[in-house]
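I opened my notebook to record what I looked up.

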Amino acid sequence: MIKFFYKPKGAALAFMVAGAAWFAVGAVYGMFSAIHLVAPEFLPHLAPLVFGRERPVHVNTMLYGFVGTMLIGAGLYYLPALLKTRLWSEPLAWVAFAFWNLTIASGPLGFAFGFTQGREYNEYVWLADVSLMLAAVCLIVNTVLTIVNRNEQQLYVSVWYFMAAFLWTAGNYPLGNVMWHPATGAMPGLIDSIFLWFWGHNLPGLLITPLATGAAYFVIPRVSRTPLNSHTLSLLGFWLLVALYTHIGGHHVLQSPIPNWLKTVSVVDSISMVLPVSIVVMNLWMTARHFGARIWGDPAARFVMGGVVWYVVTCIQGPLQSLPFLQRVTHFNNWTVGHAHIAMLGFGGYIALGAMWHIVPLVTGRELYSQKLVSLQFGLITFGLTGFFLVLTAAGLIQGTAWHNGETVYRVLPQIAPFMASRAALGVFILTGSLVGLFNLFMTLRHGRVMEVQQLRHAEEAA
Amino acid sequence: MKMTPAVLIIGALMVFWASAFIIVGIPSMTMKETPSEIWRQLTPEEEAGHRLYVINGCSYCHSLYIRVSDWDIGAERIAESGDYVGVEPAILGTERTGPDLSQEGGEHPEDWNIAHFTNPRHTSPISLMPSWDFLEEREIRALTAYVQALGGKAADVRQARQRQWKTQAVAAYSGGLDRNVEWLHAQVPEVWRRMPNPYPATEAALQRGKRIYQQFCINCHSPIGDGKGSAEPYLSPPPLNFTTLRRHVVENRYIGGIFYYQIMNGITGTAMPYFKKHLESEKIWDLANYLAVSFVGYTDANIEPRGIDASYEGAWRNSYPPPGTEAK
């Protein structure tokens, strides 16, 4: 039993499997939420499944549980692989695994029964916050000591991102969650919204983005079998990300009475985010240039490159919708819900899934049970998410323009009903995609064909 | 530039903390908590309601600030930073699947709110809000208290108006069906009481009116207009039974203006809300025609005085006989 926790790459695999499971859980809650926006009396009188309680379970399970967990798992594999060493401590990674997943489990187990701090993206109660911080600290220690004990002089860009993700989160999370106020996790008064959105935006920006970028930087050059295009662009992308992203949370409360200078900073830096994003995307794109067939022909790398495409869409839309003039129409409605989905499932989720499918054979020594099922999952999620994005964006534009035309929120409800129904229907595709993935992963672990030593070595050295 | 572990770790931390200082550090040192002119302290019951608001995720569908651009709800008062003093947490919200609630206090009387929390469709037939009937009665009362406090002192003024008129409305109702209608009609300004509905009650207009009735009115006033909708058990005074209005047509001629005025302004103190933010003029007149034709059996649409017909109007002529004049 004890030996189990010392088995190399064990924690990496555990994180990825947990991520795939959380994906299915989060998708189920998303499905219920979507149905409730069409039929509010679906499963009535069931307290844990009212919209106000199921929505945070969906959101947090997807963010931290699916995307975060899976990307950490990928990182725990590529970090030592890129440093030509072993993870400093496998048991410590398991400790991080336990704390991290405890926090996520507190969502479905807690929010549904009123144990929540209620602040969007900061809902976990104080004990769960502590658990998440302990996980982050364990990961920092493990990453630093793995770097210290490396056999490869150069730190590849994926290593920077993986390291920095937890250094930033360890500062970010307690600030945004106001952990020094354990009861409410909030500051009194309006200033709370500034703390709230500091983490609210840095969660995607300085936790998920670096993890996903790190994974993309790992998978793309390996599958295209070319060296990374440019070290300089990597540097620029990395430093501009943290220099700009940290400032932009204010654009979530742009129309509220927060100080004007904060609004200005958040808008200017939001627009500037186009720079690091396009630098990263260009760097990956140029790396894969001339090798498109290798990337798009490989189901795992297709997911990763698909995620990069969603990243482009997200990060053109995101800066634009921070503009006050546009936000008058797009704020408070389904437009932003569409944006959140292409950011988290599109960018973060695609890269997480791609990295997982790429790495699982390297960790287990087994071939994927079915490449076709990976492609099927890609197709299901891509159809679902693309539809989601179009439908929600359209619904948001209808709401936003109707409100400015003097229609009340209540009056516009019949107009968005067909869009909400389509969204629920499209959700079925995403839910099915998550289940197909879980099945494929399970079958790989149980029945995947064991690779010959030679074949495994070849796969590991693909780059 | 070579990324050594030291450059990576120290650099990443320095850039992050410098940025964090700008974004949360400086606001913490400079933002002042000065109460606005409508701010007041929440009572313990309202605090308990706020807690329920937070843990049940009301903030995922309701915002708590009115923006300059919110013309749909009038934007009579734009949110100020001093409105949130001491509220922990003041969740501003990011979605409006339901309406903004920052000035909700006193919009409706308590009984409307309790019916609404028990099942939102009691009062708002097409609402997407979940029913909160699994909460204890005490909790629904606390939530109601919190909602009624939203808007601070401005809400208190509205609340006082609700209470003042509720006393009179309940007294009028206890005087019997006809006394109640007489009291209600007496609250309508004189000019409106003798104003016929200027819109023809065409088939299309009645269909429009029916649609509006189903979206706004049906669960209080019921599908047959007798005031026994699903919300009725919660409300005091109960919703009006339209069928008794046949005895109260003004001068046996006029009813449209009274309908219009009461739909437009509501009857503050009772559960009857005002609809002038939801519905514009033609929709209210269409609804008035629907009520009149369906539940009173008579409409004053297009009768004299009516001036010059609008250019689009066809040759519709009112053939509804006033009550008591029907050919036997």
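At what angle do helix 3 and helix 4 of chain A pack, and how far apart are their axes? I found an angle of about 155° and axes 8 Å apart for helix 3 (residues 90-110) and helix 4 (residues 126-148) of chain A. Axes are lines fitted to C-alpha atoms over the stretch in contact, and angles run from 0 to 180 degrees between N-to-C directions. Helices are DSSP runs (H or I, at least four residues), numbered from the N terminus. So helix 3 of chain A is roughly antiparallel to helix 4 of chain A (the word applies over 145 degrees).

I noted that this is a predicted model, where local features need pLDDT of at least 70, side-chain atom pairs count only at pLDDT 80 or more, and totals for chains, interfaces and linings use all residues. Residues are numbered from 1 along each chain as its sequence is written, and chains are lettered from A in the order in which they are written.

Next I listed who touches whom. Helix 3 of chain A gives residues including A:Phe99 and A:Trp100 to the contact with helix 4 of chain A. Helix 4 of chain A gives A:Cys138 and A:Asn142, among others. Contact means C-beta atoms, placed from the backbone, within 7 Å.

Then I turned to the two chains. I read that 60 residues of chain B are in contact with 66 residues of chain A. Helix 1 of chain B gives the most to the side of chain B that touches chain A, with 15 residues.

Last, I checked confidence. The model scores ipTM 0.95 and pTM 0.95.

Technical notes. Contact = placed C-beta atoms within 7 Å. Helix = DSSP H or I, 4+ residues; strand = E, 2+ residues; numbered from the N terminus. Parallel < 35°, antiparallel > 145°, perpendicular 65-115°, else oblique.
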